[in-house]
Amino acid sequence: MKKAVLAVVTGAAVVAAALVPSGPAVQAAQPVARSVPRGFGSALSSVQQTSWQTNASVNAVAVAGNLVFAGGLFTRVRPPGKARGVGDAARKYFVVLNRTTGVPTRFAPRVNGPVWSVATSPDGRWVVIGGDFTVVDGVPRSRVAMFDVATGKLVAGWDPVVNYRVAALKITDKTVYLGGSFGTVDKMARSRVAAVRLDTGTLLPWSPDANDDVHALEVSTDGNRVFVGGGFTRIGGRNDHALAMVNATTGALLSMPAVAAIPPKTEGCDSRVKDLEVQGNKVFASNAGTGSVSCYDGVLAADATTGKLIWQSHCRGATEAIKAIGNWLYKGSHAHDCSADGEFPDKTGMHHLLVYSTITGKLGPWFPNTDAGGTTLVGPLAFASGGNDLWSGGDFTEVNGVPQEGLTRFTSTPGGAAPARPAAPKVASARANKVTIAFPTVLDRDNLTLTYLLYRGSTRIGSWSRTSNSWTKPTVTTVTDSRLSSGQTLPYHLEVSDGRNVQKSATAKVKVR
């Protein structure tokens, strides 16, 4: 029998200080007063902050305090702005970064195979990784391992033996839930989903038994229910596809009506839940469909107690990652058509990073972008947050058109993206003593609604609030400036503001009739 191995770590602060580079403390996200302009409309700016990058895909990300844990297929990391091989350092399949600076720490375990999942305990003391590996720091560890966050050391004796990939992890104050492609844990039958004790790693009787891969796990806020997402068509003895809610103690399947919103698996469509997120009494599920071009790729919100559907989006383009921050649900996908929801059609290209309102499910004001430089053709694959930031891992090689491979981050630091610079307004004087001025809306990467200020010389003659999207035609505002003196030549210009950043147009002159 395995003995208890987790205990209070004495002197941890001294060891942790050696592991983590110095930097200002990261504060939890706080509501921002409406009178304080931030320059962006959702919880985060669309301007990426600096972080080290990887040489291959990042599959999983987690946050604990001022540390960020990333696992994947990479073998080396390098500074931002550097090409592969320039200033890099070895970090094979797993890297720990300072959350404030984005720089790797000295917490650098040696893992002999890809990492597909990472999770931290609620108190931030423990981090667990799952994947394909069999050795960690020279010690046998079969697809799952635990580290002490304060010391960076592998936890001795915590060693469940899993016979195949661990692709999903969730930790509560007493339990570690495992999901993946495995069939046994500690030589006991556990089909794709299992649970072990947090303190000892001892296998628990909890066994919902899924008949296909599990990609995501989440736990309700009260700890009573576990949400399971994947590609299964049967779980807990019932024919439920891709999404299920089970009792956290017994593993018994619970009713979840929202499952009916995901189409059943057919030869032409296999829609799998790739990520789950719980916030308050809501659970969000994101899907990626294969087969038919119209196979469901969207996001849904359900009541985390009753399992009833609250809202559902139908964007096309596999959704691999979601994360709720405040009233916003950020998603990583290769969305290319949300016309079913009244949003952008196919011809606007790939939108790899988007945000929804957690309340309505409508797209919100956040449009940074990555490419999809790897084999998945998705780009972002994993999200994590400390409350006022979003860390995104994936197989991208660019972020907002700038080289940045595998890992990036966005924060609530005031500023945001500036609006596009407006063109000079179109001016004409077809009637005596009057000038007509026309100007179109412009785009802003993290705002939908902007303020447009029109000036005659230094005199402001009007202010308008206008909303615009990249997938709709610009709205043109036409204004008449009256009671002007005939024969004079007047200059007009436009200023566009997001509340913090201002863009000024060139001046257009016109002679008054």
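In the hairpin formed by β18 and β19, five residues lie between the strands, and G223 adopts a positive phi near 80°. The model is predicted, so that local features require pLDDT of at least 70 and side-chain atom pairs are counted only at pLDDT 80 or more, whereas totals for chains, interfaces and linings use all residues. Residues are numbered from 1 along each chain as its sequence is written, and side-chain values use heavy atoms, with hydrogens and water left out.

Strands β18 and β19, the latter spanning residues 225–230, pair in the antiparallel sense over five bridges; pairing requires that DSSP find at least two bridges between two strands. Within this arrangement, V219 has V226 of β19 as its bridge partner. Five of the six residues of β18 (residues 214–219) are buried, so this strand is largely enclosed by the rest of the structure. Buried here denotes under 20% relative accessible area, exposed over 50%, and partly exposed the range in between (1.4 Å probe, protein chains only).

The protein chain contains one helix and 41 strands, where helices (H or I, at least four residues) and strands (E, at least two) are DSSP runs numbered from the N terminus. For 513 residues, a compact globule would have a radius of gyration near 24 Å, and the 26 Å of the protein chain agrees with this; the radius is taken over C-alpha atoms, and the globule rule is 2.2 Å times the number of residues to the power 0.38. Along the principal axes, the C-alpha atoms fill a box of roughly 95 × 50 × 40 Å. Of the 513 residues, 54% count as buried. Among contacts (heavy atoms within 4.5 Å) with a separation of 6 or more, 52% are accounted for by residues 24 or more positions apart.

Q49 is located in strand β1 (residues 48–49) and is partly exposed, with a relative accessible area of 28%. Not counting residues up to four places away in sequence, Q49 touches T408, R409 and T411. The C-alpha atoms of Q49 and T100 are 9.9 Å apart, with 51 residues of sequence separation.

Positive phi values also occur in residues other than glycine. A242, in the loop between β19 and β20 (243–247), has a phi near 75° and counts as buried at 0% relative accessibility. N400 lies in the loop between β31 (398–399) and β32 (402–403), and its phi is near 50°.
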